[in-house]
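Student: Could you take me slowly through one part of this structure, namely the charged side chains, what they meet and how covered they are? I would like a connected account that also shows me what lies around them.

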Amino acid sequence: MRGRLPLLLWLACSYVPVCLAQSPAATLDNGPLHARIYLPDTHAGFYRGTRFDWSGVIGELTFAGHSFYGPWFTRTVPGVRDFVFEGAEITAGSCSAITGPSEEFVDAQKLPLGFREAAAGHTFVKIGVGTLRRPDDQNYDPYRLYEIVDDGHWSVKIKRSSIQFTQKIVDRDSGYGYLYTKTLRLIPGKPILLMNHTLKNLGRLPIVTSVYNHNFLVLDRQTTGPDFSIRLPFPITPLKPIKAQLGTIDGDRILYRRPLQANEVFTVQIGGFGATSRDYDVRIENRRLGVGVRITADQPLEKAELWSIRSTLAMEPFVHLDVAPGKTIHWSYSYLYYTLASQP
C-alpha cells in the first residue's frame, strides 16, 4: 500500500468477534501450546494502526486449558484516541486496538525515527509499520493514524510451530532504513514461546531507539485484581506515587488490593533493576486459576512499567537499541507458561 491511509479508517470492524473471524491468521501448535497469529495485511489485517509493530500479533494462545490473550476491548472505533470506557464497553481507537504481546519502537522522547527532523509533508519511519508521512507541524501522537507511504511489503514464512516475518524499508527522505525480521517459535514439546528479532540498519543514519512489549495479558477474561501478582527479581522501587487504594508494592511483588472497576487504571513506574539481562525476568501469576507466565530476555531493562485496567494486565519492559549504518543487532524474549504446581 502506497500513499493511502489504512482502510481501517474507513472500513472499521467495530464488533471485535467479527474482526477476529475475518482477519487473516496462521495457527501454530507444538502440543502444550496452541497459538493464533494475525498476519500483516493492508486491506484485511486485524491490526492496521500506525503505533504498534504489525508482525507477530498474537490473538490467542492456550495452555493447560487456559487462554492467555485476546481482545482487552469490546469494539474499535476510528477517531477514538487510545481508548475510552463506556459503561460495560471498552472502545479502542485504531492505533491501540491490538492484542497479546505487541511491540512499539520509540526513542527516549517517545518519537519514531526521523519525526523530529521531518517537515510537514515529509516522511519518518516507524519500525514494524513502515514509512509514514508527517501531515503538519503538530507533535507526534502515537494514537494518530498517519498515512503509510511504504509498508515494506511484508514476507511471511509459516511452519507448524513457527512463523517468520520480514520487512524491508529504505526511506531516502528521512535517511532511515532497515531490514527487520521477527520469528515466533514454539519449542517442541515445551510450553515455551520464543520471540527472536534481527534488525539491520540499511539507512545512512544510525538507528537509536527503544522497543517495548505491551504484553496485553487477558487470562481467561478474568478481572484484574487480587488473584493476580507480578514478581520481579529485585526489590521494586516505584518511581512515582501509586494509587494505594488499588494496589501495593511488597518487596519484589506488585499486588492488587481489590478488583479494578469501571474506569480505574492502576500503573507502576518500576525502579530498582540493575544493568544486566538477569533483571528482565517477569512472572505474572493468577492463584485462583493456578497458572502463570514468565517473561525473560537476553537484554537488560532500560525501563519498565505496569499498566492495568479491569480487562487486562500489561507489563511493559523496555530495551534500548543502537545500530550503526550497515550493522545488525539481535535480541530475543522467552515466554514460559506454567501451572503453579510446577512453577519454575
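Tutor: A residue counts as exposed when its relative accessible area is over 50%, as buried when that value is under 20%, and as partly exposed in between. Please keep in mind throughout that this is a predicted model. Arg 221 sits in the loop that runs between strand S17 (216-217) and strand S18 (228-231), and although Arg 221 is not a glycine, its phi is positive, at about 55 degrees. A positive phi also turns up at Ala 262, a residue other than glycine, where the value is near 45 degrees; Ala 262 belongs to the loop between strand S21 (253-256) and strand S22 (266-271).

Now we can turn to the charged pairs, for the structure holds 18 salt bridges. One of them joins Asp 53 to Lys 182, with 3.1 Å between the closest N and O atoms. This pair links distant parts of the chain, since Asp 53 is in the loop between strand S2 (33-38) and strand S3 (57-63) while Lys 182 is in strand S14, 129 residues apart. Are these two partners buried or exposed? Asp 53 counts as buried because its relative accessibility is 1%, and Lys 182 counts as buried because its relative accessibility is 1%.

Strand S14, which covers residues 176-186, also carries Leu 179. With 31% relative accessibility, Leu 179 falls between the cut-offs and so counts as partly exposed. Leu 179 forms a nonpolar patch on the surface together with Val 170 and Leu 202, and the accessible area of the three together is about 190 Å².

A second salt bridge brings together the side chains of Asp 281 and Arg 294, at 2.7 Å from N to O. This pair, too, is said to link distant parts of the chain: Asp 281 is in strand S23 (residues 281-286) and Arg 294 is in strand S24 (residues 291-297), 13 residues apart. The relative accessible area of Asp 281 is 11%, which means that Asp 281 is buried. A further salt bridge is the one between Lys 303 and Glu 305, whose closest N and O atoms are 4.0 Å apart. Here Lys 303 has a relative accessible area of 29%, so Lys 303 is partly exposed.

Salt bridges can also share partners, and in this way Arg 51, Glu 104 and Lys 126 are joined into one network. Let us look closely at Glu 104, which is found in strand S8 (residues 103-106). Glu 104 counts as buried because its relative accessibility is 4%. The side chain of Glu 104 makes a polar contact of 3.3 Å with the side chain of Arg 51, and another, of 3.1 Å, with the side chain of Lys 126. If we leave aside neighbours within four places in sequence, the residues in contact with Glu 104 include Phe 52, Tyr 140, Pro 142, Ser 210, Val 211 and Tyr 212. Pro 226, by contrast, is 122 residues from Glu 104 in sequence and 29 Å from Glu 104 in space, C-alpha to C-alpha.

Ser 311 is found in the loop between strand S25 (303-309) and strand S26 (312-323), and its relative accessibility of 18% is the reason why Ser 311 counts as buried. A polar atom of the Ser 311 side chain lies 2.7 Å from the backbone oxygen of Trp 72. Apart from residues up to four places away in sequence, Ser 311 touches Trp 72, Ile 90, Leu 217, Val 218 and Thr 224.

Strand S6 runs antiparallel to strand S7 (residues 89-92), and 4 bridges join the two. Within this pairing, Val 84 stands opposite Thr 91 in S7.

How values were computed. Residues numbered from 1 in each chain as written. Predicted model: local features only at pLDDT ≥ 70, side-chain atom pairs only at ≥ 80, totals over all residues. Heavy atoms only, no water. Pairing = 2+ DSSP bridges. Buried < 20%, exposed > 50% of the residue type's maximum accessible area, 1.4 Å probe, protein only. Contact = heavy atoms within 4.5 Å. Polar contact = N/O pair within 3.5 Å; in protein donor to acceptor, adjacent residues only side chain to side chain. Patch = residues over 30% accessible without salt bridge, like charges linked within 9 Å, V, L, I, M, F, W, Y side chains within 5 Å. Areas by Shrake-Rupley, 256 points an atom, 1.4 Å probe, with all protein chains shown as cover.
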